[in-house]
Structure formats: structure tokens, C-alpha cells
Amino acid sequence: MKVSTKETTYDSLYATFEERIEKLKKLPKMKEDTSIEQAIEENGFSRREFMKWAGAMTAMLSLPASFTPLMAEAVKVADRLPIIWLHMAECTGCTESLLRSANPSIDSLIFDYISLEYQETIMTAVGWQAEQNLENAIKKYKGRYILMVEGGIPNGDTEYNLTVGPHGKSGKKISQDASKDAAAIFAIGTCSAFGGVQAAAPNPTNAVALSEVTDRPVINVPGCPPSEKNIVGTLMHYLLYGTLPALDVFNRPKWAYRLRIHDLCERRGRFDAGEFVENFGDEGAKDGYCLYKVGCKGPYTFNNCGKQKFNQGTSWPIQAGFGCIGCSEPNFWDTMGTVNEPLRDRLYHTTLGGLGADATADRIGIALLTVTTVGIAAHAAIAAVKPPKK
Amino acid sequence: MSTENKDNIHHGELVEVEEVVEFTPAYRWQHWIRALTIVVLTFTGFYIAYPFIDPSSNPEPTNFLYANMRAVHLAFGFLMIAAVLIKTYLTLLGKADTYKAEFVSMKDLINPKIWIHQLGYYMFLSKHPPLKGVYNPLQFMAYFAMYILFYLLIITGIVLYVHVYHEGLGGALYGIGRWFEVLMGGLANVREIHHISMWALLIIIVIHIYMAVFNAVFGKNGSMDAIFSGMKWNKKH
Ligand code: HEM
Ligand code: SF4
Ligand code: SF4
């Protein structure tokens, strides 16, 4: 955005948002008896705290501070958007991270409060009734609901490995059916965005990302789990803009995944200085040295953890002295090597029929170089006694 | 027989030779620039992968060991890019005989007889085959692999570069860099490919140096000198 046009573009953006909020306001509320404001108040948050949250969310989405009141308004109409949340092959960690904090944050309250038409972890319906709820929600809110999917999707001849509900539908079929009529689709967590842990080698269930089984556009919100901020932020973004956010090359929202952990890291100065923690608990660790040599994968990982932090902004892994494990990258279980060891020491497991199991690139390299040198020495020795034919 | 010949030369018996241009100055320059950059890039690269030097301890925030290593790596990286691009241009479009002869080597490459004799020569079984081009088939394959590795190192290096420097050239190459990043399955893989390509290059280079020495000792036509002086000696027929 050019500086000279900033004022006017923001003005028109502001107007667009206002219009959109008005439109959403006219839609029926999903829950008649309460409102998000009420819920926030009942949980002991003051108006001031709420506005602070709205200000932070506004900044996170790279909007100017003047948009804060608009953000606060937008939250209030968040209960107009029906949401269907599907669980595929996963650990429910993404849901848990959002819902089970010791002191519920405003983010988790909003999530609790928005109209989750179908969410297996928190709904009471079971069996046939649950199935019916899902079908009804898809029908009733056709083209209006937001689909959030957690978990990888078993595919191919092992598709049946994930079979859910009384109809015995496969996870793939369920997510395809739900994708068809969704207004927007968010793949929440690395499993649903990239396949995740069940897609790690040898991937016995042939698990794939949601985007592999549907041809609808999918917004990836990876992380293992993604921070509550990134999940709620994605939702708020959609609420305000009504369109899909600008995406990076792996279809992650740019506002959250544009930069590497390494680019936003408070230890980066130590990295560039060449000052590294050698062992957990050593002097360097106490002085806040860089965690690269004890396996930090921040240089290969795109996410905003260093900015948004976890547990209501208390801390994040690297601040706590533990390297990033690269959780928001595709296939990170396979590509990032061993936790706590630098990428250089990545093992090659199944490569060469298992011979790679404890071999690193350097070890294989040195072995091959040794073989080469031995071969050369032998050749030279022969040449010394029996020169090549002229 | 060969020993006799050798003795003859040693005893000063005349063998008629002529001096021919093997390598042009541009060829020799880019060769040695590449050699130098590989040495520096390998050293700094190993440091980048696993910083094995402790900086002298200093309470002031004036230490930039890793940043300096990376800066050197990048400076020599771009020097290598220049050398490889110039050489690629010369090979494809160069006017001098050397570059034309590089192409002629392909004729030897597709000739199975040359292959058999070349292998036989290195296994001390047969004579060196007469070549049409400058490189024998094994040499050609090795150099071809080398260029694939150079380009792999350059591409993966650029992808890593655009994430270190977001402005200027880094910014200009950002889009294409990220395209390659997706192709390779993420930055961690890009680093891995960069690292493995280095190892493959190192092994080929060790063999390359041995073969060059071998041919200098037994070929006796000054082809090793040629990479320094440009000239070599061909027997007059
Ligand atoms: C013979 C050629 C080269 C060799 C042997 C080499 C070697 C290496 C090695 C071993 C690493 C560490 C990778 C790891 O973490 O495992 C590295 C990193 C890197 N290389 Fe190279 N490299 C070469 C050429 C280049 C070129 C042409 C560029 C392009 C400008 C380049 C740019 C980089 C960058 C940016 C990094 C990462 C630095 C960082 O993240 O801080 N390299 N190189
Ligand atoms: S701790 Fe990790 S992310 Fe931070 S500077 Fe070091 S390597 Fe980069
Ligand atoms: S610091 Fe790294 S591993 Fe931890 S949550 Fe963030 S991206 Fe994932």
C-alpha cells in the first residue's frame, strides 16, 4: 500500500467492514437468550480488557488502531456465522488448546460462544442424532456455514481406516460432503493442513491433507496445535472481510505465517553472534543464547509464535528455553529430523532399506568419501607398478 | 612397451610435438574462481550447518561471527553463481575451439567403443581411445553431474537467501524462491538438499583431482598444465 493512498484505502476498507457488519447483524442470532458481550462480562472480563483484546486482534491482522471499535463490533456478530467443525484422524489437541486453558481467554470464550453447529468434542448428541445434526446443519446453512476441519484424512485403499458414525461413512466422504456447500473452509492444525503425524513415514493409513480430497479452496491454519490467536484471527478475518485472506505458498494466511519463527525470534541476535546453547541447562542457556545447536527449527518454520505467544501471551517455546520443532511446516515429522538435534543430524530412517536408520547426511558423506579415497589409493598403487597402456 | 617409450623420452629421444590451445583464459579464470569458491563455501557451509567455532567471549553486543560467516558464504556464493553462469554461457555459445570441442565430446559420449576403451584404459587393460572432443565419456558424465549439483546448490542457496534478506535482490527473487521451496517440500528440505548436494560435489571433486593428476602423470601431454597456462602438447602425427 502506497503511503499517499493509505488514508483513502483505509477509509474505504472501514466502510466495507461497517457494511459487512451491518449485513451480518441482520442475520438471525444462533442463540437467542445470550450474547457474546454477556458471556465475556460473565467471565469476569472488563470492557477495558475486552477493548485491549480487540486492539491486539486488530494489530495482529495488520489493521490500523482506528479499526479497534469495528473489531469489537465484529466480535458481537460472530454468533451469526454457523460453524461446522469436523474431527478427522487427529488427537483433538487443536480443540483442546482452544477450549481448555486454565483461565479462559477471550479467544477461547469467543470460540465457545460462536455458533458451533456441530463439534463432536463439545456437543451432547451422539449416534443417529449426531449424524442428523450434521446433515441438518449442512442443509439449513447451505452456502453460509464455515467449515473447520481438524485432522488428516485417510485416503486410497485405507480410506476406511477412518470410518465414523452409524452410517459408517468414511472421514474422506464426510469432509467432502461438508466441503461442498461451505462458505469458507479452514484446515485447522497441521494434520488437516498437511497430513500431520499420521501422514509421517511410513503413513500406514495414507493420510492426506484436506486440500487433497476437495477441490474447494482451503485455508491452512497449521500448527501442532495452532495458537488460539491464529484460529480465532482467521475467523475474525473472515468475519470482517467476507473473503479469504491473502495466502502464502502453502495456503497459510500471510498475516500469521508470512515470516519465519527465526525472523521474529528474540534470540536472533545470539544466533548472528554465533552464541549457542550447547546443552540444556548450561551457562549459555541461562544467558538466553540461541537454541540452534540444541535443535531449534525456527530457521525453517513459518509462524507467528514469537509475536503472539501462548497462554494469553505468557510465553512461547523459545522464550521458555526450548527450540521450535517446526510444527507448522508440511511433513515436519519427517523433514525436521530429531527434536533437540540440529537439522544436520537428521536421520534417514527407511532410506537404503533401513541402512539410513542411524545415518546422517554427514556420516553417509564421510563414508562415501572414505570409500572414494580408498579406491583412489588402490588405483594409484596399481598404476605405480603397472602404468596404463600407452 | 610403455616403459620403453617412457625411457626413450627420458633419454631425450625426440618426439615431435606441437603446442595447442586447450583452455582459453576465460575458461581458466572461471575454473579457478569456482575452485576457490567451493573451498570457501564448504568451510563456511559446514559452520552454518553446525557452528563449530566459539566466538571469543565478549560482554559487548559487538559479536557477529555467524552473521559474518553467512556474509562470506553469500559473497562467495554469488561469485560462484557468476562463474557458473559465465561458463554455461561459454559452453553453449562460446566461440573458441575449447567450447566447440566440449560439444564434440558428445560424439564420444554416444560411442560405446570409446566407453569400453576408456574404462579399459583406467583399468589398465587397453589403450586410451582417440577422442574427438575434449572430454572422455566418463569425464563428460562427471562434469555434467557437477553442473547439475552447481545448479542445485545455487537454486537451494537462493531459496535460503531470500529468507535471510527480504529486500533488494532477495525481495526480487522471493517469488521464484518460494516456488522452488514448495517444489522441494519446505525450507528444511531445501537445506537438506543444499547440504547433500555439497557432499556429492565434494566426492566428485576428489575424483576429479585424482583423475587430473593421473592424466598429468601418465598422459604426459601437459593437460594438467593447461588449466594453469592454457596450453598443452599434442604429438605430431
Ligand atoms: C559449492 C557450493 C556451496 C556449498 C558447498 C554450500 C554449502 C552450504 C552448507 C553446508 C550450508 C549449511 C546447510 C545446512 O544447514 O545443513 C549452507 C547454507 C547456506 N547457503 Fe550454501 N553452499 C554453496 C553454495 C551456495 C550458494 C551459491 C548460495 C547462494 C547465494 C548459498 C547460500 C546459502 C545460504 C543462504 C545458506 C543458509 C544460511 C542461513 O540460513 O543462515 N550457498 N551452504
Ligand atoms: S532460537 Fe531458533 S529461532 Fe531463535 S534465533 Fe536461534 S535458531 Fe533462530
Ligand atoms: S515455536 Fe515452532 S514448534 Fe512451537 S508452536 Fe511455534 S511453530 Fe510450532
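1. In sorting residues by class, Ala, Val, Leu, Ile, Met, Phe, Trp, Tyr, Cys and Pro count as nonpolar, Asp, Glu, Lys and Arg as charged, and the others, Gly among them, as polar. With that sorting in hand, and keeping in mind that this is a predicted model, one can turn to the lining of the second largest cavity, whose residues divide into nine nonpolar, two polar and two charged. This cavity has a volume of about 80 Å³, and of the 13 residues that line it, H262(A), C265(A), C290(A), C296(A) and I318(A) are the closest to its centre.

2. Most peptide bonds are trans. In chain A, however, the bond from A201(A) to P202(A) is cis, with omega near 5°, and P202(A) lies in the loop between α9 (190–194) and β8 (207–208). The bond from C224(A) to P225(A) is also cis, with omega near -5°, and P225(A) sits in the loop between β9 (219–221) and α10 (228–241).

3. The loop between α9 and β8 of chain A also holds N206(A), a residue other than glycine whose phi is positive, near 55°. N206(A) counts as partly exposed because its relative accessibility is 32%, which falls between the cut-offs of 20% and 50%.

How values were computed
Residues are numbered from 1 along each chain as its sequence is written. Chains are lettered from A and ligands numbered from 1 in the order in which they are written. This is a predicted model: local features need pLDDT of at least 70, side-chain atom pairs count only at pLDDT 80 or more; totals for chains, interfaces and linings use all residues. Side-chain values use heavy atoms; hydrogens and water are left out. On a 1 Å grid over the protein atoms alone, a cavity is a set of points where a 1.4 Å probe fits but cannot get out, and a pocket is an open set with protein on both sides within 12 Å along at least five of seven lines; lining residues have an atom within 4 Å of a point. Grid points are joined across faces, edges and corners, and a volume is the space filled by probe spheres set on the points. Helices (H or I, at least four residues) and strands (E, at least two) are DSSP runs, numbered from the N terminus. Buried means under 20% relative accessible area, exposed over 50%, partly exposed in between (1.4 Å probe, protein chains only).
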